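Dear colleague,

Please find below the structure that I am handing over to you, together with its sequence. My notes on the side-chain contacts follow it.

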Amino acid sequence: MDQKTRKTAMDTAKHFTIGYVQWTDAVADAGWEENSKAEVHPCLSVGFIVDETDEAICLAAVISHEQSNSRIHIPKQWIKSIKKVRLDKFLNA
């Protein structure tokens, strides 16, 4: 990656915050099976925080300028904890 491309990528990344989210997800299955105990799954997600509202947080695995890819929207009621790191605090541009 040339220096100009690297600088553009770093400038884009500086405007984002990384989120580490511990949350609980629903479990789904289909088909005829023995009745089982109700359960949920503990999950960990890490990504660029591209949006956050009172109801949900949206993390993306990839960002590029004003676009993102591989997003997950996690309902706030399902979240156990969030840790956030602003990239501009430690990136050297």
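To begin with a definition, rings of Phe, Tyr and Trp (for Trp, its six-membered ring) are taken as a pair if their centres lie within 6.5 Å, and the pair is called stacked when the planes are under 30 degrees apart, edge-to-face when they are over 60 degrees apart, and tilted for the rest. Please bear in mind that this is a predicted model, in which local features need pLDDT of at least 70 and side-chain atom pairs count only at pLDDT 80 or more, while totals for chains, interfaces and linings use all residues. Residues are numbered from 1 along each chain as its sequence is written, and side-chain values use heavy atoms, with hydrogens and water left out.

The structure holds two aromatic pairs. In one of them, the ring centres of Phe-16 and Phe-48 are 6.0 Å apart and the planes stand at 75 degrees, so this pair is edge-to-face. Phe-16 belongs to the loop between helix 1 (3-14) and strand 1 (17-26), whereas Phe-48 belongs to strand 2, so the contact ties together parts that are 32 residues apart in sequence; helices (H or I, at least four residues) and strands (E, at least two) are DSSP runs, numbered from the N terminus. Both Phe-16 and Phe-48 are buried, where buried means under 20% relative accessible area, exposed means over 50%, and partly exposed lies in between (1.4 Å probe, protein chains only).

Trp-23 and Trp-78 form an aromatic pair that is stacked, with 6.5 Å from centre to centre and 10 degrees between the planes. This pair links distant parts of the chain, since Trp-23 sits in strand 1 and Trp-78 in the loop between strand 4 and strand 5, 55 residues apart. Trp-23 counts as buried at 7% relative accessibility, whereas Trp-78, at 34%, is partly exposed.

Turning to charged side chains, the structure holds two salt bridges, each defined as a side-chain nitrogen of Lys or Arg within 4 Å of a carboxyl oxygen of Asp or Glu. Glu-52 and Lys-76 meet in a salt bridge at 2.9 Å, N to O, and this links Glu-52 in strand 2 (residues 40-52) with Lys-76 in the loop between strand 4 (67-75) and strand 5 (79-86), 24 residues apart. Glu-52 also forms a salt bridge with Lys-84, the closest N and O atoms being 2.8 Å apart. Through these shared partners, Glu-52, Lys-76 and Lys-84 are joined into one network. Glu-52 is partly exposed at 32% relative accessibility, as are Lys-76 at 25% and Lys-84 at 47%.
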